[in-house]
Amino acid sequence: MTRSILFDTETTGLDPDTGDRVIEIAALELVNDLRTGNYFHVLVNPERDIPPEATKVHGFTLADLEGKPLFADIADEFLEFIGDGKMIAHNAPFDFKFINAELKRAGRPVLDYDSRAIDTVIMARKKFPGMPANLDALCRRFGIDLSERGTHNALLDCRLLADVYVELIGGRQRGLGLGSDRQQAAGPGGAGKRRAVTGRKARPMPPPDETTLARHAEFLATLSDPIWLQE
């Protein structure tokens, strides 16, 4: 069993080095690359203003975050949830930089990018060189429903990215998995929509060889009054 965490952040701006802060964190647990239904999601009071241009992206104003916990208040819970596995993000350097800035500010250990990060932007550019690698474009390419996406939302973006990630690593016919896998694919909130994997041709079975046919004939000879010979 391989556990990893897919995560996303929303922020007050583009660079924590100039004072921008995290305002939303969402993280989904994946086991064997499928959602388990376990997730971490929190809104964070950034202790500063939110510029209008940032609000246009994610929809949050400072009033929306009044009374929400500070990052230091949720840091330990976040670290406990993510554990020590791989961490998947779309444009991972951005999210890692912000999370590490917040962890450092809170006096917690930072995450090692080189050993933990999986960047789906890099994966997409390798798989589709020269093509758009943003999340919307990848969802459209893979036929993933975008109807719920308006402004950026970390939890919804994680759910979309989880489906994109499965496609980027080669796709998986979820219907062939065990029941628990089908439940995992549905994710938080109950039964989700599953897309059929198309474009894969069935491989024909080779005809039986003479040895197999002879053994089959010997087996049939041991049967008494087989039903297919009864009138």
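Modeller: A polar contact is a pair of N or O atoms within 3.5 Å; within protein, one must be able to donate a hydrogen and the other to accept it, and residues adjacent in sequence count only if both atoms are side-chain atoms. The model is predicted: local features need pLDDT of at least 70, side-chain atom pairs count only at pLDDT 80 or more, and totals for chains, interfaces and linings use all residues. Residues are numbered from 1 along each chain as its sequence is written, and side-chain values use heavy atoms, with hydrogens and water left out.

Colleague: With the side chain of which residue does the side chain of Glu-29 make a polar contact, apart from that of Arg-3?

Modeller: Glu-29 belongs to strand β2; helices (H or I, at least four residues) and strands (E, at least two) are DSSP runs, numbered from the N terminus. Its side chain is joined to that of Arg-3 by a polar contact of 2.6 Å. A further side-chain polar contact of Glu-29, also given as 2.6 Å, is with Thr-36.

Colleague: Is Glu-29 buried or exposed?

Modeller: Buried means under 20% relative accessible area, exposed over 50%, and partly exposed in between (1.4 Å probe, protein chains only). Beyond its neighbours within four places in sequence, Glu-29 is in contact (heavy atoms within 4.5 Å) with residues including Ile-5, Leu-34 and Phe-81. The relative accessible area of Glu-29 is 11%, so this residue is buried.

Colleague: What is the order of the strands in the open sheet?

Modeller: Two strands pair if DSSP finds at least two bridges between them. Strands β1 (residues 3–11) and β4 (residues 86–89) are parallel, with three bridges, and three bridges also join β4 to the parallel strand β5 (residues 117–119). Pairing in the five-stranded sheet is mixed, and the order is β3-β2-β1-β4-β5.

Colleague: Asp-33 has a positive phi although it is not a glycine; what is its relative accessible area?

Modeller: The phi of Asp-33 is about 70 degrees, and the residue is placed in the loop between β2 (22–31) and β3 (34–43). Asp-33 is partly exposed, because its relative accessible area is 31%.

Colleague: In which loop does Asn-91 lie?

Modeller: Asn-91, a residue other than glycine, has a positive phi near 70 degrees. Its relative accessibility is 38%, so Asn-91 counts as partly exposed. The loop is that between β4 and α3 (92–105).
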